[in-house]
Each structure stands twice: as structure tokens, then as C-alpha cells.
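Got your viewer open and your selection tool handy? Let's take a walk through this structure, one selection at a time.

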Amino acid sequence: MFGQFHYHNAIRKYIIMFGNMFNDIDIIRFNKAGDNVQQLRVPIAYGPREKFLAKLRTDPDGRREIAMVLPRLSFELVSMNYAPERVLNRTHKQLGIGGGNNSLRQTWTPAPYDLDMSLYGMFANQEDAVQVVEQILPYFRPEWTNSVKIVPELNTYVDVPTILNGMTIEDSYDGSFEERRAIIYTFTFKIKGYLYGPVSNRGIIRRTLVNTFDPQANTATGNVIISTSDTKLQRVTLTPGLLANGQPTANSSASIPIGQISANSNYGFAFDREDFFN
């Protein structure tokens, strides 16, 4: 679009981020004495719940143990919506370290989008279900924030909140003897993400000059007007300062030439002042 291709894998990264939050949940099976007899890692995969429910119905004779299929988690991206309440100034730019001494990478303010995600938990009994629920809910009050590197070219991380909106329970216990019982917990989440535009290179500023004047009052209007004919009082020159050993410095005379200082160097700021008092 607009003649410039760009793709940052942003939506894919948000989906992977979401799945990684729930990929280490375990359940424990106890005997009548309360002893731990089995510990299982709950598998998780991307896909709609209907896909996994269909797998449960592929054994109509009931010869396969339910424990071999359940518990299981699945998740999917349901919708994406523009979030106008999180819009930032469109003229602002975000900068990152460039590939050489003379450039920085930049992109415009990202567009805020909310990604609605659904997490499905499918269980054969309520004991497994409540164990998983109690491992998820305490962390969302009502949100959990992850740091994600959305645009690698900028080499910066973005804090991405994930908000838990609610949870519903469905127990398909009623039915024929041939049907599997599937207790389904549905969690609805909202990811507050951003989508970035193309990244371009821009030059860097190596020297800044600031001149101060003694402004003269305009007797006709009473206003203060600054012009080049006013008395110049001072000039301040700001340049990066870096010693030959790589240490920052505020002494411009001891610094290496500014053309040899990279944009990602650990440089200091050197102020040189020239006075023009009469």
C-alpha cells in the first residue's frame, strides 16, 4: 500500500505472546488419601474450540480414555478493533539506532488496535477445570502486561497489557451415553496492541548552535523584537563528546572528531560557550 512494503509480524507476535502465557499450566491427580499420584501438563494449541470438540466425537464406541484427550486448552483471535481512546499524536516519531554512524531509524506513531482473544479450556471433570482456573485468574487484576519487541529495527520493547474481560462455563453433561462429557471454560481477553508503519532511515544531528541576543524594545509598539542587528551576547555549541578509549566526555577539545562518533556510542555532551560582551 502507498508503494512501500512493510511487515513487522506484529499480529503474529501478539498471538504467540498470548499463547505463551498459558503454556506451562499443570494439573495434579490425587487419590482418596490426598496423595499426588499423577501430574499432567495441559497442552495448548491455536484453533477454535469446535475443532477440538470434533476430535472428542471421533470415538463413538467409547474405547478411548477421555484422559488421553482432556484436559486441553485452545485459543483463537476473534476480532480486531481500532482503539481511538489510545491514539497518540500522529506527528510524533519513534527513533531507533541505525545501521551506521550517520543514520537513525524512525517510524511514525503506531495505530492502536484491540485484539479480542478467546481461551477455551476443555475438561473431563470439574476438579481439573478448577485447578486450571485458579492458576489463571489470580494474575489478572484485571490485566497482565508483557514486554514485546514489535519492531526489531527500532530495538525497543513495548509494554502490551492483556485484560481479562470475563469467563463463562458450559457443561455438556446431558446427552446420550455415546456422547463425551466436555466441560468448557471460555475466557475472553483483550490485548491492547499497536500496529506500526514502515521504518525509514534519517540523518542525525551532530552540532547544535544557540545564539542569545540583547533584544531591543520597539518604542512605537512597545513590543520586544529580536533581530540580527541586536547585540549578540553569547553562542553555545553542543556536540557529542567521546574519548579515544570509548568513554564519554564533556570536553570537546579532548573528544575524537564528531564524524567518527556513532549514533549508538556511549557519548557525552560537550558545551562550548563564546561570550560577546562589549
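Start by selecting Arg-86 and Tyr-194: the charged end of Arg-86 sits over the ring of Tyr-194, at 4.9 Å from the ring centre. "Over a ring" here requires NZ of Lys or CZ of Arg within 6 Å of the ring centre and within 35 degrees of the ring normal.

Before moving on, note that this is a predicted model, in which local features need pLDDT of at least 70 and side-chain atom pairs count only at pLDDT 80 or more, while totals for chains, interfaces and linings use all residues. Residues are numbered from 1 along each chain as its sequence is written, and side-chain values use heavy atoms, with hydrogens and water left out.

Next, colour the aromatic rings. A search of the whole structure turns up 12 aromatic pairs. Rings of Phe, Tyr and Trp (its six-membered ring) pair if their centres lie within 6.5 Å; planes under 30 degrees apart are stacked, over 60 edge-to-face, and the rest tilted.

Zoom in on Phe-22 and Phe-140, a stacked pair with 6.3 Å between centres and 20 degrees between planes. Phe-22 is in the loop between α1 (10-20) and β1 (26-30), and Phe-140 in the loop between α3 (126-136) and β8 (143-148), 118 residues apart. Helices (H or I, at least four residues) and strands (E, at least two) are DSSP runs, numbered from the N terminus.

Now show helix α3. Its buried residues are Asp-128, Ala-129, Gln-131, Val-132, Val-133 and Ile-136. Among the elements covering them are β1, β4, β7, β9 (158-171) and β10 (183-195), where contact means heavy atoms within 4.5 Å.

For the last stop, select β5, β6 and β11. They form an open sheet of three strands in the order β5-β6-β11, with antiparallel pairing; strands pair if DSSP finds at least two bridges between them. β5 (93-97) and β11 (200-202) are at the edges with a single partner strand each, so one side of each has no neighbour in the sheet. Three bridges join β6 (residues 104-108) to β11.

Notes: Buried means under 20% relative accessible area, exposed over 50%, partly exposed in between (1.4 Å probe, protein chains only).
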